[in-house]
Amino acid sequence: MRYAAFERYDMRHANPEIRTPLLTVDIIIRYQGGIVLIERKNPPPGWALPGGFVDIGESLEDAAIREAKEETSLDVTLVEQFHAYSKPDRDPRFHTVTMVFIADGAGSLKGRDDARKAAVFTADTLPPQIAFDHGQILADYFNYQETGVRPA
């Protein structure tokens, strides 16, 4: 395993009673005048920001770059950490906490891995079915672009 040396620091191995939210990253990829969303292959259905789970021993930044490449085929340059989202019901499957990054994408866009397809959208062309709390994240992002005010 790639991060075997770090597994001993995962306290769930030492004490299976410890329960914490799962850590994820989501990436707002700026690309060709819009932002990239993926259409999910797996439940819950809908369009979503590229992203996924952080591996043991992996930084948030490395996870964001890896997930962006796996799901969109794009190479990304992280621009900034945008905001953390942690409402317990943000993912209907289980409690997750996500760090959202803003990134610039380069290369040829193609949905892969967990993505049925990938496409570019603007604030005015968002698809009707957006998974998780990504509709709120996108609203916060577009507001931030317009006003410079980050979500509270």
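In which helix do E70 and R66 both lie, and how many residues apart are they? Select the two residues and you will find them in helix α2, four residues apart, which is about one turn of the helix; helices (H or I, at least four residues) and strands (E, at least two) are DSSP runs, numbered from the N terminus.

Before going on, keep in mind that this is a predicted model, in which local features need pLDDT of at least 70 and side-chain atom pairs count only at pLDDT 80 or more, while totals for chains, interfaces and linings use all residues. Residues are numbered from 1 along each chain as its sequence is written, and side-chain values use heavy atoms, with hydrogens and water left out.

**Stop 1: helix α2**

With E70 and R66 still selected, show their side chains, which meet in a salt bridge at 3.3 Å, N to O (a side-chain nitrogen of Lys or Arg within 4 Å of a carboxyl oxygen of Asp or Glu). R66 counts as buried at 16% relative accessibility, whereas E70 is partly exposed, with a relative accessible area of 26%; buried means under 20% relative accessible area, exposed over 50%, and partly exposed in between, using a 1.4 Å probe and protein chains only.

**Stop 2: from β1 to β6**

Next select R30 and D104, whose side chains meet in a salt bridge of 2.7 Å, N to O. Because R30 lies in strand β1 and D104 in strand β6, this pair ties together parts that are 74 residues apart in sequence.

**Stop 3: the largest nonpolar core**

Now select V25, I27, I29 and V36, which touch the most other members of the largest nonpolar core, a group of 19 residues. Such a core is a set of buried Ala, Val, Leu, Ile, Met, Phe, Trp, Tyr and Cys residues joined through side-chain atoms within 4.5 Å. β1 (22-31) is among the elements that each supply at least two residues, and β1 gives the most, with four. Apart from this core lies another, of 14 residues, including L37, W47, Y85 and Y144.

**Stop 4**

Finally, select F82 in strand β5 and Y144 in helix α3, 62 residues apart and both buried. Their ring centres are 5.4 Å apart and their planes at 45°, so the pair is tilted: rings of Phe, Tyr and Trp (its six-membered ring) pair if their centres lie within 6.5 Å, with planes under 30 degrees apart counted as stacked, over 60 as edge-to-face and the rest as tilted.
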